[in-house]
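I opened a new page in my notebook for this structure. These are my entries, in the order I looked things up.

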Amino acid sequence: MKPIELSKQQRADAIASIQRYFEENLSEPIGDLPAGLFLNYLLEEIGPAIHNQAVAEAQSHLQLQLSDLTANLYADEFQYWPKADAKRKSRR
């Protein structure tokens, strides 16, 4: 897996969120550099675990959908005449 990278805007938003978290929950202001380093740590250390869980959930979801593919996508064949006959009967 390649390293998780954030866009400049995502990184700025994440750093601002970390700073706010520290101020509101730890009553400790934290600067841009320490917040950025903490973000790097989270992405490198915890990011892969979150990524792996997301991949496992996506794989499970896809397998469930594929296992029931016939039921989800099956189209009845040669239904024109039965439908036409049913319409004729309902007109009478």
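Entry 1: I began with Arg 88 and Asp 85, which both lie in helix α5 (residues 80–91). They are three residues apart, about one turn of the helix. The model is predicted. I looked up the contact between the two side chains: Arg 88 forms a salt bridge with Asp 85, and the closest N and O atoms are 2.8 Å apart. Are these two residues buried or exposed? Arg 88 is partly exposed, at 40% relative accessible area. Asp 85 is partly exposed too, at 35%.

Entry 2: How many salt bridges does the whole structure hold? My search found two. Arg 20 is exposed, with a relative accessible area of 56%. Glu 24 counts as exposed at 54%.

**Entry 3: aromatic rings.** Next I counted aromatic pairs and got four. I wrote down two of them. Tyr 21 and Phe 22 form an edge-to-face pair, with 6.5 Å from centre to centre and 75 degrees between the planes. Phe 22 is buried at 18% relative accessible area, whereas Tyr 21 is partly exposed at 49%.

Then I took Phe 38 and Tyr 41. Why does this pair count as stacked? Their ring centres are 6.4 Å apart and their planes meet at 25 degrees, so the pair is stacked; the cut-off is under 30 degrees. Both residues lie in helix α2, three residues apart. Phe 38 is partly exposed at 32%, and Tyr 41 is partly exposed at 45%. I also noted that ring pairs link Tyr 21, Phe 22, Phe 38 and Tyr 41 into a cluster.

**Entry 4: helix α2.** Helix α2 covers residues 32–45, which is 14 residues. From first C-alpha to last it reaches 20 Å, close to the 20 Å expected at 1.5 Å a residue. Which residues of α2 are buried? I listed Ala 35, Gly 36, Leu 39 and Leu 43. Seen down the axis, the buried residues of α2 fall within an arc of 100 degrees, so they line one face of the helix. What covers them includes α1 (8–26) and α3 (47–67). On the face turned away from the buried side I found the exposed residues Leu 33, Leu 37, Glu 44 and Glu 45.

Technical notes:
Residues are numbered from 1 along each chain as its sequence is written. This is a predicted model: local features need pLDDT of at least 70, side-chain atom pairs count only at pLDDT 80 or more; totals for chains, interfaces and linings use all residues. Side-chain values use heavy atoms; hydrogens and water are left out. Helices (H or I, at least four residues) and strands (E, at least two) are DSSP runs, numbered from the N terminus. The expected span of a helix is 1.5 Å times one less than its number of residues. Buried means under 20% relative accessible area, exposed over 50%, partly exposed in between (1.4 Å probe, protein chains only). The arc is that of the directions from the helix axis to the C-beta atoms. Contact means heavy atoms within 4.5 Å. Rings of Phe, Tyr and Trp (its six-membered ring) pair if their centres lie within 6.5 Å; planes under 30 degrees apart count as stacked, over 60 as edge-to-face and the rest as tilted. A salt bridge is a side-chain nitrogen of Lys or Arg within 4 Å of a carboxyl oxygen of Asp or Glu.
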